[in-house]
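Let's walk through this structure together, from its overall make-up to the packing inside. Have the viewer ready and follow along.

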Amino acid sequence: MAYTIIGHQNIISQLNKAVKAERVAGAYLFTGVQGVGKETVACYFANLILCQGTDEALKPCGECNACRKIQNGNHPDLHFIRPDGSQIKIDQIRDMQQQIVYQPLEGPRKIYILTNTERLNDAAANAILKTLEEPPAASTLILLTENIETIILTIRSRCQIIPLYPMHTKQLATELTKHFSVDEETASSAAILSNGIVGKAITLIEDGISAHQKIPDILSETDPMAAFRIAEQLEKNPESLDELITWYRDLLFLQQDAPIELLTHPNAIDDLKELVKGYSRLRIERAIKNVLETKSLIQNTFVTKITALEVMCLKLI
Ligand SMILES: [Zn+2]
């Protein structure tokens, strides 16, 4: 096997069945949050379709001419369309439309993977609709998006929609220990910190998870003036609020004498035990609520991020 896919086994077997039965659709729409594995699964699918290996059960073989070309990024029947700047532009779609009408050169199909389909501008979206309405024979479009709500209904209705979901954190942790040289504690922390999103978990492991294992200053800070400095730090890291919640959740667990396996940050248990002495259950619950509210405020309203964070930090201290 050329591919190690972590999770998504139902989808993999669904795609395998479609290829074996020669019932590959003309258009797919893969949906799911960033890092969940949309592009990985789309590449696997393309590889499965184009592989020239003779043993069906071993496809994609990773060794045939087609598999090699895909690995090297130069298979003539596999194309990627990515945002040019912030958008996918109509010229990119027109280029595709000019090529897609020709027969595939080496494989059974021409495959186009459009990453970030939510970034099609209006003109490009209308143009692609024409291809979806009358798909050329022997072609497959695989559209990927983080946000299906932004994809116009006329595009959605012409695609086979395949949703990809984050994994259960326990299952992800097990997979991480199989495929990376990490101990169980690190794998478990990466799985929980990433909310079961494979791509994020791998990044955490590759970047070294230790930076995420240091108790955030805000939990032990007592000087209200520090709120502004801490808010500034939090502003720089978009994941920071989710991470902050995992720390307060650990405090809550410790407060209730929960088993250590439930902790996101088991490596910091000694410091956390010391810290929890200064916290009442009510204070921890209020803190979690506060962080969640701030997160929602930043996402759903026009409040300035730094202001919301400063208010939050003041309340937390
Ligand atoms: Zn192959």
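The chain holds 14 helices and five strands; helices (H or I, at least four residues) and strands (E, at least two) are DSSP runs, numbered from the N terminus. This is a predicted model, in which local features need pLDDT of at least 70, side-chain atom pairs count only at pLDDT 80 or more, and totals for chains, interfaces and linings use all residues. Residues are numbered from 1 along each chain as its sequence is written.

Of the 317 residues in the chain, 34% are buried, where buried requires 20 or more other C-beta atoms within 10 Å of a residue's own, with C-beta atoms placed from the backbone.

Which residues does I142 contact, leaving aside its neighbours within four places in sequence? They are Y28, F30, A42, F45, I111 and I113, a contact being two C-beta atoms, placed from the backbone, within 7 Å.

Finally, find helix 7 (residues 169-179) and helix 8 (residues 184-193), whose axes lie 8 Å apart. Among the residues making their contact are L172 and L176 of helix 7 and A187 and A190 of helix 8.

Technical notes:
Axes are lines fitted to C-alpha atoms, for helices over the stretch in contact, and angles run from 0 to 180 degrees between N-to-C directions. A residue is buried if 20 or more other C-beta atoms lie within 10 Å of its own, exposed if 12 or fewer, and partly exposed in between; C-beta atoms are placed from the backbone.
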